[in-house]
Amino acid sequence: MHSSAVSNGNGHAYESAQDLSALPPLSLSILGVEPIDEFIREVADFIHFQICNRPLELGGLVEVEAKIGLLRERETGQRLQLPVLVETILAPNAIDLRFESNMLAKQHRHFNTLLNNLRTTPSPAHPSSTLKYQHLHLIDNFYSVEGGGGRGEKVRVTRDEKTGEVRECVRKIRLADLNIFCPKRHADWRISVNLEIPVPPPLGSPTHTRKKDRMSYSHEEFVIDLTQVTSTAGPGSKPEILHELELELARPEYLLTTAAKRGDPNVSEMERGAFDELIRAFVNNARILVRNADGEWH
């Protein structure tokens, strides 16, 4: 497929359906309703549980993101292989693996082309729902945290590379991950739920630095960040260049509001279902990105 075409995962780009009006319409099921999608419900339940059981005393903002990459066996470093045929959610901690969010530069360019084309040519289904774009140049400095509970937490100070202005100073705490294995695709994905807690700027020297050349695309309730990262461990160390793609829920406060009303009989049906609808769109966006991954990765 030409790189500018956006695949829905069925092997073809957007196209109108053939005229099948001669056939009688089929029922959704013998009960006349469509069964709940267990995959999306599992993701929604996972995120909802993490939100509702987060340590409230820490405060901060809830971050929900999906990163595109590869699941690798920790011992061999090879991409995970399982006896399944389609996209599958893995039980947490059931397999000794690591997630690698780095991609090749050519995949980075492929996604850049795809997203830029979507920015200039909206979806036929929603022509008014366009992508907004920012090109950011940021520098992250990381500092060790005293009493971090053994979780490897660090304080991240993010500055605008051009002006030096501090844009963010946070301590990030990872609450949980959910890994999704995609045997038919060139990439897998991981959902992470985190807390980002604002903190005062730390003293001392950073343990490492990340320079980020980021193309950020926003669409409705989501932000897609395509980032080239130059990571430096310390003075005299050789810089490492990484290419990353992540999808994030744009409004943490809206996420929490919808989560609080999920299934509440005292609110309207639309409010009760808003959280699951948000997660459904989140999962669909992650799936579309994975299904448009191009060629072999690392």
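Mentor: Start with the word helix: here it is a DSSP run of type H or I with at least four residues, numbered from the N terminus. By that rule His 108 lies in helix α2, residues 105-120. Keep in mind that this is a predicted model.

Trainee: Why is His 108 called buried?

Mentor: Buried means under 20% relative accessible area. His 108 has 7%, so the residue counts as buried. Apart from neighbours within four places in sequence, His 108 is in contact with Met 103, Met 215, Leu 226, Thr 227, Gln 228 and His 243.

Trainee: Which other residues of α2 are buried, and what do the buried residues pack against?

Mentor: Among them are Gln 107, His 110, Phe 111 and Asn 112. The buried residues of α2 pack against β8, β9, β10 and α4.

Trainee: What makes Arg 272 partly exposed?

Mentor: Partly exposed covers the range between the buried limit of 20% and the exposed limit of 50%. Arg 272 is at 28%, and therefore counts as partly exposed. Arg 272 is found in helix α4. Leaving aside neighbours within four places in sequence, its contacts are Lys 261, Arg 262, Gly 263, Asp 264, Pro 265 and Val 267. The C-alpha atoms of Arg 272 and Ala 260 are separated by 9.0 Å, with the two residues twelve apart along the chain.

Trainee: What caps the N-terminal end of α1?

Mentor: Asp 37 does: a side-chain oxygen lies 2.9 Å from the backbone nitrogen of Phe 39. For a polar contact the N or O atoms must be within 3.5 Å.

Trainee: How do α1 and α4 cross?

Mentor: Their axes come within 9 Å and cross at roughly 115°. The crossing is right-handed. The contact includes Phe 39, Ile 40 and Arg 41 of α1, and Phe 275, Asp 276 and Ile 279 of α4. The contact residues divide into ten nonpolar, one polar and four charged.

Trainee: What else do the buried residues of α1 pack against?

Mentor: Besides α4, they pack against β1, β2, β6, β7 and α3.

Conventions: Residues are numbered from 1 along each chain as its sequence is written. This is a predicted model: local features need pLDDT of at least 70, side-chain atom pairs count only at pLDDT 80 or more; totals for chains, interfaces and linings use all residues. Side-chain values use heavy atoms; hydrogens and water are left out. Contact means heavy atoms within 4.5 Å. Helices (H or I, at least four residues) and strands (E, at least two) are DSSP runs, numbered from the N terminus. A polar contact is a pair of N or O atoms within 3.5 Å; within protein, one must be able to donate a hydrogen and the other to accept it, and residues adjacent in sequence count only if both atoms are side-chain atoms. Axes are lines fitted to C-alpha atoms, for helices over the stretch in contact, and angles run from 0 to 180 degrees between N-to-C directions. A crossing is left-handed if the near helix is turned anticlockwise from the far one by less than a right angle, and right-handed if clockwise. Ala, Val, Leu, Ile, Met, Phe, Trp, Tyr, Cys and Pro count as nonpolar, Asp, Glu, Lys and Arg as charged, and the others, Gly among them, as polar. Buried means under 20% relative accessible area, exposed over 50%, partly exposed in between (1.4 Å probe, protein chains only).
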